[in-house]
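Subject: Structure handover

Hello,

Here is the structure I said I would pass on. My notes follow below it.

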Amino acid sequence: MKEAQAQNIFLKDYKSPDFLIDSINLDVSLYETESIVISNLSIRRNPNSLNQKAALVLHGQELTLLDLRLDGEELFLDADYEQDDTSLTIMNVKDVFELESKVSIKPQENTSLEGLYKSSNKFCTQCEAEGFRKITFYLDRPDVLSSFTTRIEADKKLYAVLLSNGNKVDSGECSEADKAGRHWVVWQDPFLKPAYLFALVAGNLFSVDDSFTTCSGREVALQVFVEKKDLDKCDFAIKSLKKAMTWDEEVYGREYDLDIFMIVAVDDFNMGAMENKGLNIFNSSCVLAKPETSTDFSFQRIEAIVAHEYFHNWSGNRVTCRDWFQLSLKEGFTVYRDSEFSADMGSRDVKRIDDVNFLRTVQFAEDAGPMAHSVRPESYMEISNFYTVTIYEKGCEVVRMIANLLGPELFRQGTDLYFNKFDGMAVTTEDFVATMEEVGGIDLTQFRRWYSQAGTPIISVKGDYNEKDQSYTLSVEQNCPPTPGQAKKENFYIPFEVALLDQQGRVVEDKVLTISESQQNFVFENIAEKPVPSLLRSFSAPVKMDFDYSRDELMFLISHDSDGFVRWEAAQQLSLQIIEELLKQRKNNSAMTIDQRLIQAMESILNVALTDRSADLAVLARLLVLPSEAYIGELAEEIDIDGIHEVREFMRQELAVSLEDKLLKVYQLLNNDKPYLVEADDIAERSLKNTVLNYLILLNGEKVEICHDQYKQADNMTDKSAALRALLSADSEQAVDLQKQSLTEFYDSWKDEPLVIEQWLSMQASVAKKDNLAEIIKLTKHESFDIKNPNKVRSVIGAFCHQNKVGFHHESGSGYEFLADNVITLNKLNPQIASRLLTPLTHWKKQQSHRQALMKEQLQRILDLDNLSKDVYEVASKSLG
């Protein structure tokens with residue numbers, strides 16, 4: 001792939017398809033060296049097409065065409081059709097016709113994990129976004145909705161279970177002499193769908209079965225298919241699914257529409273999960289869990305992802321997107337739905353804090369980088385590069401703002417109208433927003449800029465109290481930095497929730513202000529004393545905010561604000577102010593001294609944990625964690641990798657020494673013998689206990705033994721892995737000996753559990769050490785590592801490059817070369833994973849000059865490759881401008 005071969009696809013060039021496919025009958029015969037796919041398509045010209053004389057052009061990649069027939073008549077290459085690497089063109093077709101094709105494909109050789117491929121001993125598919133074209137010739141675009149009937153045939157001993165979308169309508173044994181031992185199943189999906197929602201699975205699978213009774217009284221069969229060894233890890237996914245089905249009926253009035261809902265766990269999967277109609281395919285890490293092998297984070301992630309994929313049945317499947325520029329229509333909306341579900345299942349404050357923390361660390365960095373794009377992009381080269389945090393998480397925040405502007409009742413009315421009006425259709429973000437306007441009676445013209453403009457708005461706020469008039473004025477300015485292709489930004493419509501607190505911490509004003517101009521003043525009357533402003537409550541808009549809080553005001557908000565996000569943000573801002581101060585001291589070669597107010601603030605949080613039994617311990621755990629090195633870097637104009645790491649570790653050490661007694665008391669209070677439960681309160685206790693442990697380990701000595709004791713005695717993976725991670729961060733001689741011993745014990749105990757070994761790999765790769773690249777390379781050569789498995793790649797290479805900042809950004813450039821080496825390898829095997837892995841190299845502009853040069857050198861090295869995939873070419877070329 002070179003520049004001349006690279007082609008951008010633009011939203012402005014969208015045209016309705018020239019043809020529609022009313023139905024497809026698919027016959028897939030699975031063999032060990034190849035698979036044969038026969039498709040019968042009922043095609044007609046699209047009356048809305050601008051070209052009623054157009055030739056039929058079908059998508060197709062890596063297909064060997066064996067036979068092609070139009071209305072039963074055989075077609076011949078050159079005389080009747082043309083074929084290249086990506087398409088098949090038939091020049092002369094009628095307005096209505098039947099097209100039959102027979103192709104051979106090789107799933108066993110498909111390492112891209114797109115289309116039909118082999119994972120272990122299973123056949124499975126991943127068709128979003130453009131994988132179906134690797135199965136058969138088709139109009140592989142989301143605005144072509146068809147009725148699918150799928151027949152699957154395979155060796156019964158090897159593939160006893162054959163699954164596809166919809167309802168099972170027929171099955172049997174093959175009667176032909178040359179097909180002895182083979183069987184077949186027919187599935188029919190009664191709902192129209194685009195090809196990206198097609199799914200097929202074949203293997204010797206076992207299932208955990210349950211059922212769900214819908215609000216109208218229909219009985220729906222629920223099945224989770226896994227390998228036999230994983231049958232004991234399915235219960236939580238089933239419970240999560242039933243919770244999601246109930247919640248969607250109660251909150252959105254959405255009832256499930258098929259007779260069966262199936263989930264299949266596969267080890268080799270590029271994404272987290274896929275919402276194929278009636279047959280969800282999951283990365284095994286996103287569905288399999290039990291206390292002995294999975295952490296609290298894994299349980300919560302599984303609950304959220306199971307819900308997300310189920311919610312897609314309406315927000316994505318029944319109503320889908322017209323084109324891939326509208327991807328956030330289904331993903332942003334569904335992320336909002338699953339985030340609200342998770343908030344209802346656990347702590348709303350904690351969920352909001354965690355979501356904002358991720359958004360500000362990852363999505364804000366994306367907005368500031370070379371791949372910045374709007375929630376509804378204007379162009380792309382490879383659509384798989386746009387399954388991003390901007391599309392998903394920022395898209396969620398845009399929907400959240402709409403929901404808050406309308407309020408719960410009107411937003412529910414709006415979603416009801418949206419689902420009813422567009423059921424069975426492929427639509428746009430504009431259709432969604434217009435529906436909300438219609439129901440809400442509001443004008444969202446300016447608000448639409450959230451969909452069309454990239455970048456993170458910055459709001460600068462100043463407060464002024466007039467004692468004589470007893471008024472308080474907030475002066476607000478907004479601006480948004482330029483992004484690639486968008487040098488100038490128009491003003492956003494920003495809902496800005498604020499409250500004013502009196503000196504006792506009582507709320508005297510609470511309202512949502514609308515920021516729509518470059519500069520605005522908001523005056524609050526009858527304010528008896530100078531208030532402390534509580535700003536951007538609940539993170540009411542995805543913006544950066546600048547307000548010159550004093551440290552005493554931040555401590556006041558930590559202690560008194562009722563808004564969980566603002567309390568957490570105050571703690572973050574207090575830490576950031578002190579970090580900035582310490583970085584200056586370090587730069588000037590001065591002795592670093594920590595502001596005692598931070599220690600006081602952290603001590604007050606620990607006191608709450610010790611005295612207030614009603615406190616949300618998970619919120620307290622978040623309050624105790626300093627801003628991450630990644631977020632500190634995101635805020636800097638130039639990133640001082642080594643300085644940030646040194647200063648943050650110094651602060652952690654100072655807090656541990658100063659608060660040793662309180663930290664130990666909290667740990668002892670929470671380190672009890674309660675049975676393990678996956679309940680919000682229990683998760684909160686473990687979260688706080690293990691956060692405290694991460695401070696205690698810094699004191700070495702007997703605290704190392706405390707950590708090791710937890711590792712040895714833990715009966716659940718949450719406490720065991722937390723203790724091991726903490727132990728790996730210690731640097732005393734005593735700790736180093738225990739690290740080696742514990743890592744060996746852990747591996748020997750869990751080497752037959754791939755998901756646990758992924759944790760084992762990740763916890764080693766993510767340790768913040770400057771000179772440990774040799775250890776990381778050693779992990780890539782370990783018997784448990786497989787470069788073809790995305791989970792293993794993310795566990796080692798991804799964890800090292802994203803989480804070990806000082807190691808990846810080593811001044812020698814060795815970390816950059818290591819990443820480039822692996823991107824080059826994966827470019828041939830799995831371009832989608834290769835391009836996503838490349839992200840850390842793309843953020844070179846904020847690095848110090850010597851690191852910039854080294855990062856650009858590796859990007860250029862990648863760009864100079866012959867046969868570079870479109871996925872990697874797009875990211876590398878845009879990164880270098």
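How many positive and negative side chains does the protein have, and how far apart do the centres of the two sets lie? There are 95 positive and 141 negative side chains, with the centres 1 Å apart. Lys and Arg count as positive, Asp and Glu as negative, and His and the chain ends are left out; each charge is placed at NZ of Lys, CZ of Arg, CG of Asp or CD of Glu.

The model is predicted: local features need pLDDT of at least 70 and side-chain atom pairs pLDDT 80 or more, while totals for chains, interfaces and linings use all residues. Residues are numbered from 1 along each chain as its sequence is written, and side-chain values use heavy atoms, without hydrogens or water.

The C-alpha atoms fill a box of roughly 85 × 65 × 60 Å along the principal axes.

Interior: 60% of the 881 residues are buried (under 20% relative accessible area, 1.4 Å probe, protein chains only). The largest nonpolar core has 287 residues (buried Ala, Val, Leu, Ile, Met, Phe, Trp, Tyr and Cys joined through side-chain atoms within 4.5 Å). Helix α10, residues 564-587, gives the most to this core, with 10 residues (helices are DSSP runs of H or I, at least four residues, numbered from the N terminus). Among the residues with the most contacts inside the core are F132, L688 and I862 (contact: heavy atoms within 4.5 Å).

Regards

Note on methods: Buried < 20%, exposed > 50% of the residue type's maximum accessible area, 1.4 Å probe, protein only. Helix = DSSP H or I, 4+ residues; strand = E, 2+ residues; numbered from the N terminus.
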